[in-house]
Amino acid sequence: MATARVAGIVTTPQVPSEPTSEVTIGDALVSDAAAIALIGANTFTVTFGSAVPDNELADFLATTYSAEAIEAELARARESNISTFVARDEAGAVLGFVQLVRGVTEPCLQGDASTHAELRRLYVDVSAHGRGVGSKLIAAVESKAKAEGFQTLWLAVWENSTKAQRLYQKLGYAKVGETDFTLGECVHTDWVLAKSL
């Protein structure tokens, strides 16, 4: 089993009880915070860990992907206009998560900003890669956004994250611009991708 160094400690990704093909998508619960934090911290570390100094990564993970930070985020979801969805296996283990964020936009997006919603933080545990979990999570966000009347769903993806870019493009997202993502003193370029719903 692979481990990752997260905020100075070694963590082990959550592994589903057995590989299954049955994946369900639902609203995240506050009780899911520890699993979401672990998947988020591990995925972020694997993706960006080599691109930022260790101390800046540790600070970011502690404030963004600790169980306490995720629990607080889930508890105030209604006020912050963020819906978090999780993918679960048949045993109920969290395989991944994604967020639908309302009330945010980017300057490069066309049209009325009130019709834009963001797909944020699509993270899937490495044990569930290749099982369609990411696509199912995206479909849940798209369905919810469309039902709420949003016309454009957008996301930001790191310019060096080619695997993620391919998935989004396969699902109909196209690059419409770029934005900066600042982590400590490091400024990274993210592509802004968008899709009409």
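Biologist: Which residues does K175 touch, not counting residues up to four places away in sequence?
Modeller: This is a predicted model, in which local features need pLDDT of at least 70, side-chain atom pairs count only at pLDDT 80 or more, and totals for chains, interfaces and linings use all residues. Contact means heavy atoms within 4.5 Å. With residues up to four places away in sequence not counted, K175 touches W191, V192 and L193.

Biologist: In which strand is K175 found?
Modeller: Strands are DSSP runs of E with at least two residues, helices are runs of H or I with at least four residues, and both are numbered from the N terminus. Residues 174-183 form the strand in which K175 is found, namely β8.

Biologist: As what does K175 count at 38% relative accessibility?
Modeller: Buried means under 20% relative accessible area and exposed means over 50%, with partly exposed in between (1.4 Å probe, protein chains only). K175 has a relative accessibility of 38%, and therefore counts as partly exposed.

Biologist: Which residue forms a salt bridge with K195?
Modeller: Side chains of opposite charge can pair when their charged atoms come close. A salt bridge is a side-chain nitrogen of Lys or Arg within 4 Å of a carboxyl oxygen of Asp or Glu. For K195, the closest N and O atoms of the pair are 3.0 Å apart, and the partner is E142.

Biologist: How many residues apart are K195 and E142?
Modeller: K195 lies in strand β9 and E142 in helix α5, so placed that the pair links distant parts of the chain; E142 is buried, with a relative accessible area of 16%. The separation of K195 and E142 is 53 residues.

Biologist: Is R102 buried or exposed?
Modeller: E148, its partner in the salt bridge, has 34% relative accessibility and counts as partly exposed. R102 has 15% relative accessibility, and therefore counts as buried.

Biologist: How many residues of β5 are buried?
Modeller: Strand β5 is largely enclosed by the rest of the structure.

Biologist: How many bridges join β5 to β6?
Modeller: Two strands pair if DSSP finds at least two bridges between them. β4 and β5 pair in the antiparallel sense over 7 bridges, and F85 has V98 in β5 as its bridge partner. On β6, R120 is the bridge partner of Q99. β5 and β6 run antiparallel, and the number of bridges joining them is 6.

Biologist: Which residue in the turn of the hairpin of β4 and β5 has a positive phi?
Modeller: The hairpin has 5 residues between its two strands. The phi in question is about 95 degrees, and the residue is G92.

Biologist: How far apart are the end C-alpha atoms of α5?
Modeller: The expected span of a helix is 1.5 Å times one less than its number of residues. The 15 residues of α5 should therefore span 21 Å. The distance between its end C-alpha atoms agrees, at 21 Å.

Biologist: What percentage of the residues in the chain is buried?
Modeller: The chain has 6 helices and 9 strands. Of its 197 residues, the buried ones make up 49%.

Terms used. Residues numbered from 1 in each chain as written. Heavy atoms only, no water.
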